[in-house]
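Hi,

Here is the structure I promised to send you. Have a look at it first, then read my notes below.

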Amino acid sequence: EYSELNERYSFLKEQSEDLWNSKNKLIQTIDEINETSQTLFSDTFEQVRKNFAFSYEKISGGGDSDLILVDSDDPLESGIDIIARPPGTRLKNVTLLSGGQRTMTAVALLFAIYMVKPSPFCVLDEIDAALDDANIGRFCDILSGFTDKSQFLIVTHNKRTISNADTVFGVTMPEKGVSNLVSMRFNNDDKR
């Protein structure tokens, strides 16, 4: 009986030690992953922050911008404040900007992220609806700088945005309930 109990005790003790060792290795792996994630996030955040300042200045015609971590103690759980100052105004949170200014800030942030990691394809739906003519010109200029890395599909009604396109697709409805697809490819030799 002693022999059986001793054997069972040895077995359970070995299983318990295996579990504790596994737990310690798992905690060590989680710590390594968190440390690597924080380093990667911090590096990428700083790149996006610099790119955002550059792209916002370019797209707004001379404004200042910044990205700030709300809780810098734990960057992986932190929120991000977007600060923008269009030319001629004081620095303020993005929620205090007009619709066009918010759009330009969002576009600048999108392109700042694109500078770090370009996507092969992007869909922008009515992104230029709140923009005036001057801002649409700057939007089209900065967008053309990314067309060598990505393809953009832009849903828009704006004539100035359409005039910068390589290809235009449209839908017409000559009769009620009947849609026709219309497409047009432009010769861009004069643009290059």
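Start with Thr103: leaving out residues up to four places away in sequence, it touches Ile127, Ala130 and Leu131. You'll find Thr103 in helix 2, which covers residues 99-116. Is Thr103 buried or exposed? Its relative accessibility is 16%, and buried means under 20%, so Thr103 counts as buried. One thing to keep in mind as you click around: this is a predicted model.

Now compare that with Asn164, which sits in the loop between helix 4 (159-163) and strand 6. Its relative accessibility is 42%.

Strand 6 (residues 167-175) and strand 7 (residues 178-185) run antiparallel, and seven bridges join them. Which residue of strand 7 does Thr167 stand opposite? It is Arg185. The hairpin has two residues between its strands, and Gly177 takes a positive phi there, near 85°. While you have the strands on screen, a bit of background: in a regular strand, side chains alternate between the two faces of the sheet.

Zooming out, the protein chain has four helices and seven strands. Reading from the N terminus, the order is α-β-β-β-α-β-α-β-α-β-β.

What about the overall shape? The radius of gyration of the protein chain is 27 Å, whereas a compact globule of 192 residues would come out near 16 Å. Along the principal axes, the C-alpha atoms fill a box of roughly 95 × 50 × 35 Å. Of the 192 residues, 25% are buried. The chain exposes about 13600 Å², with carbon and sulfur atoms supplying 53% of that area.

Two last things. If you take contacts between residues at least 6 apart in sequence, 49% of them join residues at least 24 apart. And the chain carries 20 positive and 30 negative charges, whose mean positions are 10 Å apart.

Conventions: Residues numbered from 1 in each chain as written. Predicted model: local features only at pLDDT ≥ 70, side-chain atom pairs only at ≥ 80, totals over all residues. Heavy atoms only, no water. Pairing = 2+ DSSP bridges. Rg over C-alpha atoms; globule rule 2.2 N^0.38 Å. Buried < 20%, exposed > 50% of the residue type's maximum accessible area, 1.4 Å probe, protein only. Contact = heavy atoms within 4.5 Å. Areas by Shrake-Rupley, 256 points an atom, 1.4 Å probe, with all protein chains shown as cover. Lys, Arg positive; Asp, Glu negative; His and termini not counted. Charge placed at Lys NZ, Arg CZ, Asp CG, Glu CD.
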